Structures are given as structure tokens and as C-alpha cells.
Amino acid sequence: MTDWKRQCAAVIPCYNEAGRIASVIEGVRRHLPNLIVVDDGSTDGTGRSAKTAGAEVIGQSCNRGKGSALRAGWRHARQLGFTWALALDGDGQHAPDDIPKFFTCAETTGATLVVGDRMGNAAAMPWLRRQVNRWMSRRLSARASVRLPDSQCGFRLAHLETLARLPLAARRFEIESETLVAFLAAGEQVAFVPIQVIYGPGPSKICPVLDTWRWMRWWAAPRPASG
């Protein structure tokens, strides 16, 4: 059995989440004592709030995107000697009480990447986000020749040594798709676990038009071979 509290760190990329990051940290610490918040160029004091709440904070001097923030957090967690990283968003859309499901799934399936699956309650997602997710998931499933029910969920448990071997370069929200494709291309086991669907009143950081265009550009780009 894996000692998750010792071997896993939570990695939380966030941008301008000063009002919510402390409650996210409080919830996560019930399950994981080690938290790394990557403050992606926030201008509202997110980093200070996260540090006050007890997380280690990595600050990026400007907003570089979720992919860049995640990769910085993963590198730092590996440098600190952690074996696994649990990624979740800093806006409260992921329920910390779902965290044990990821650990159980990794232990029972042997997966090196476990992804949250919101599609069991897809009606609770905003209509446009639900449609875009399904559209992207169908295309990724066809490319990978395996069913990927929720390819865009950012609530994920990943094996850090495996991550370090993969050719990841995405800077923004394409990181979710890129990571899935890279794990599967490398022959790694990927599993999905049902999670709660939570959407607050605030606006999403995702821009449907711009981020879909970025995803299409990523989709059309040549794929580097995994090392």
C-alpha cells in the first residue's frame, strides 16, 4: 500500500483566486499535508493567501497559462522527492473529499494516471462546457483507440517519474489533452474515477473561443515521440 500522505503532493495551479484558495487548501489538507500552489502571475494576492493558509507557493512573474503552471509544480514536487502529484484547480470546482477515490483507483488498477470523470452528472456542467468536453473527448478517444469519458477534467493523480519522461510542452488548457495522449502513447495505464460536479457563480478562466482555437492548433501539430 502506498503511503499517500508521504509520497504524494497536491499541486494547485491558480490565477487570481485569492478569495477561494484558502478554503481549497483547508479541504485538501484533510487528505494531503503537502501542498504546492503555483501562483500563475496573479494580481490579487493569491500567493499571499495561499502561503498564509499553509501551502508552499511557487510564483510565476506573469500569467503563463495552466500548462506552464502545472509543469512547474510537477517539477518542483519531483525535486522534493515525491512520487505522485495530485493536481486540482484553485477555484473550488474540485471536491477535496473525492481525493481518496484517486488513491484507491491507482492502487486497484495500477494506473499511473487517474483522471476525474464528471460525466456521470454531466447535466450539472454548464451547457457549452459540456458540449465542448464531449466533442474533444470523442476526438481524443478516436485517436487513442480507447474511451476517454472526460478528457478535460483537471482533477488528476499522476506518477511523477512517468510525467518526467513524457514530451509535454502545452502552456495553457491543452495540457489536459496533451497529458492524456502522452501517457497512452507511452503505453501507460490510464483510469477514470467518478467525481462530484461543482460550478460556482464566478466566471470561468476558460475562454471557449480562444481556448478551443488553441486546442485545435495543438490537435493539428505533429506529435513528438515519447522518451
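**Exercise 1. Determine how many cavities of 30 Å³ or more a search of the whole structure finds, and state which residues line the largest cavity.**

Solution. The search of the whole structure finds 1 cavity of 30 Å³ or more. A cavity here is a set of points, on a 1 Å grid over the protein atoms alone, where a 1.4 Å probe fits but cannot get out, and lining residues have an atom within 4 Å of a point. The volume of the largest cavity is about 70 Å³, a volume being the space filled by probe spheres set on the points, with grid points joined across faces, edges and corners. The model is a predicted one, in which local features need pLDDT of at least 70 and side-chain atom pairs count only at pLDDT 80 or more, whereas totals for chains, interfaces and linings use all residues. Residues are numbered from 1 along each chain as its sequence is written, and side-chain values use heavy atoms, with hydrogens and water left out.

Next, the lining consists of Leu70, Trp74, Ala87, Leu113, Gly154, Arg156, Ala158, Ile175, Glu176 and Thr179. At least two lining residues come from each of helix 4, strand 6 and helix 8 (175-185). Helix 8 supplies the largest share, 3 residues. Helices (H or I, at least four residues) and strands (E, at least two) are DSSP runs, numbered from the N terminus.

**Exercise 2. Give the strand order of the open sheet and describe how helix 4 packs on it.**

Solution. The open sheet has 7 strands in the order 3-2-1-4-6-5-7, and its pairing is mixed. Strand 3 (56-60) and strand 7 (190-194) are the edge strands, each pairing on one side only. Neighbouring strands are turned by 20° against each other on average, direction ignored. Helix 4 (residues 66-79) packs on this sheet and touches strand 1, strand 2, strand 3 and strand 4, while its direction makes about 155° with that of strand 1. Axes are lines fitted to C-alpha atoms, for helices over the stretch in contact, and angles run from 0 to 180 degrees between N-to-C directions.

The pairing can then be examined strand by strand; two strands pair if DSSP finds at least two bridges between them. Strand 4 (residues 84-87) and strand 6 (residues 156-159) are antiparallel and share 4 bridges, with Leu86 opposite Leu157 of strand 6.

**Exercise 3. For Gly67, His76 and Phe82, state the location and the contacts.**

Solution. Contact means heavy atoms within 4.5 Å.

- Gly67 belongs to helix 4 and is buried, with a relative accessible area of 0%. Not counting residues up to four places away in sequence, Gly67 touches Ala170, Arg171, Arg172 and Ile175.
- His76 also lies in helix 4 and is buried at 18% relative accessible area. Leaving aside neighbours within four places in sequence, His76 is in contact with Ile36, Glu56 and Ile58.
- Phe82 is in the loop between helix 4 and strand 4 and is buried at 14% relative accessible area. Not counting residues up to four places away in sequence, Phe82 touches Arg6, Gln7, Cys8, Ala9, Asn34, Ala77 and Leu160.

Notes
Buried means under 20% relative accessible area, exposed over 50%, partly exposed in between (1.4 Å probe, protein chains only). On a 1 Å grid over the protein atoms alone, a cavity is a set of points where a 1.4 Å probe fits but cannot get out, and a pocket is an open set with protein on both sides within 12 Å along at least five of seven lines; lining residues have an atom within 4 Å of a point.
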